[in-house]
Amino acid sequence: MSVGGINLKGHLNPEMLSRRQELTIIDDMKPILEVKKLTMDFGGLRALDHLDLDINKGEIIALIGPNGAGKTTFFNCITGMYIPTRGDILISPPGKQTQRINGLKPNKITEKGMARTFQNIRLFPTMTVLENVMVGRHCRARAGIIGAIFKGPSTRLEEQNIVDISYHMIERVGLSSFVNEQAKNLPYGAQRRLEIARAMATDPFLILLDEPAAGMNPLETRELVELITSIRETEGFTILLIEHDMKLVMSLSDRIFVMDYGRKIAQGTPEEIRNNPQVIKAYLGDEIYA
Amino acid sequence: MVIRVNPIEKIIQWRWDNLIMVGVGSFILSFVWRYLLERKELGTNKDTDSSEISVSWSQKLFEDRRLYIPTLAGLAVFVVLFPFVFSVYQISIMTTALIYVVLGLGLNIVVGLAGLLDLGYVAFYAVGAYAYALLNYHFGLGFWAVLPVGAALGALFGILLGFPVLRLRGDYLAIVTLGFGEIIRLILENWNEFSFGPSGIANIPRPGFFGLELSLETANIYMYFLMIALALFTIAVVNRLQNSRIGRAWIALREDEIACQAMGIDKTRTKLTAFALGATWAGMMGVIFAAKTTFINPASFTFLESAMILSIVVLGGMGSITGVILGALLLILLPEYLRAFSDYRMILFGAAMVVMMVFRPQGIISNVRRRYQFKGSSQSGDAQP
């Protein structure tokens, strides 16, 4: 019998101690995104109902739920597309203070370091692949009208930097053979990857992916899983994703949040979620008990 | 053509032989139309079949040095010799065409790049023209002093129009800008104490040339070269703008407003800069216009003028600088040279528009995005235009 890692014989239980240290380290680190009692009403319809959620640095979090559960509404609230009715959205970018971002404009939120992709692909169709990613660098560059007209050394340098970083991002997602191709001519899977590259180009600390695997074939999905894992490993991005593909969600995510009717009905590791009766009920209905 | 109504004698004449001609004519035309449409469909199919990126002749012209350097040199020689070979009349209409080139390039920023349909562009043109006329009348300011003032006033009015329409898109934006253009014209027409009403302002001095008195012909040639210089300046500035951070933001705004905002682009500021920069050129050209014609009145700034500039942009190719230049030259010079058919001008104009929109909706020269070359697949992205 042991209490608090010290067994009654006076010896330290090494296993317990290490777990405790881990816990304190996590306690010290504030979650980079913390959502408290977020509520969103559309007229009489409550799309989000006192939703709580937190994401720690380096995690891959999945947000799942049946259609119409409010997942995309949640995304739109935290990226500034909608202004939530009540609640707090707090971010703590690495090395910066915690700040409340309710009601900020989408471009301000992207500037603060949260970039998103869209459920129905929203690229700039007639711009080239490179230009699409270069637009992502917009908020990290400064050149104004005067700079553009006179094209001084600092503007040139900045442009060159934008091109370099953007090209690197395109290589990162494996689209370097399409650099000068118009975005609308890309195959579907490539367009999804381009959206991720564009989001990465804004220097985010948190990337929000809205159904990144929707409409992909199994091969493309597998490549996507590899891409997401590798950008987490090498670039250290934290990722929040909405997804319906359960295989992808279970293999990729560290923790899962489950929503139904605007409410959070469960949270936990993939194993916990897999066996959670409430989740099964939300997805399959009550018959499971019959 | 078929029916002739004579209201005086109250007779209706039927010309049945003409009816047959019209019938046969439209029958044959419909077949030609179908044939062309089918050929167009075949053409697009072929494009998608071959994975090769088809390079159009216009693109080839710009990318191949051996082609575009002689072309440019030839153009330069033509431009320089033009006023010494042709008559004063020719120089005058060429100057007018150049004014429209610059106006087209200015509107191209708003409509072609930022995708904001502006039907009241002529208002800024009027602002520039009246700025010169009134400042000269009341304070005796010269052309060169007012040119930047006109440009600045244009920009100011651009922002003024921009603020209320920030939330509007597409049709709604078009209606509001149309209204804005009409408001400016009506103010100029009815506020007699300010703008001298419909009778306009006369005796506006031509641009000075180091205080020398110029004869009418030299003044015309001077005006021509002034416009050439300004057109070149505009082309250079617009070209740099469209391949800059701001230019990319404009295009992104045109392509997808929501995604554009999600990528960290300030929608408000981007729209306002587009309106302001577009209007700047119109303000500047207004000053030139007033100095060229030496007389202005509100009748020069009707909606038809806005429609004309918009047609230049659409016909030439939205977002394409060369296209807009060609469009302006075609739309302004052709009616002058085809005076013999002046009765049918509007019919031809309308027919040309319809044919263009069906067979080449992207304009004479479609906008080609800048391509970047990378050495192999190395990370050092060495960009070359």
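Helix α4 of chain B is mostly covered, with 20 of its 26 residues buried. The structure is a predicted model. The helix runs over residues 88-113 of chain B. From first C-alpha to last, α4(B) reaches 36 Å. That is close to the 38 Å expected at 1.5 Å a residue. After the helix comes B:G115, which has a positive phi, near 70°.

Chain B as a whole contains 15 helices and 2 strands. Its C-alpha atoms occupy a box of roughly 85 × 65 × 50 Å along the principal axes. The chain has 385 residues, and 37% of them count as buried. Contacts in chain B were also examined by sequence separation. Among those with a separation of 6 or more, 75% join residues 24 or more positions apart.

Chain B also touches chain A. The contact draws 31 residues from chain B and 36 residues from chain A. On the chain B side, the elements giving two or more residues are α9 (216-242), α10 (245-255), α11 (257-262) and α12 (267-293). Of these, α10(B) gives the most, with 7 residues. By residue class, the side of chain B that touches chain A divides into 15 nonpolar, 7 polar and 9 charged residues.

Terms used: Residues numbered from 1 in each chain as written. Chains lettered and ligands numbered in written order. Predicted model: local features only at pLDDT ≥ 70, side-chain atom pairs only at ≥ 80, totals over all residues. Contact = placed C-beta atoms within 7 Å. Helix = DSSP H or I, 4+ residues; strand = E, 2+ residues; numbered from the N terminus. Nonpolar A, V, L, I, M, F, W, Y, C, P; charged D, E, K, R; others polar. Expected span 1.5 Å × (residues − 1). Buried ≥ 20, exposed ≤ 12 C-beta atoms within 10 Å, placed from the backbone.
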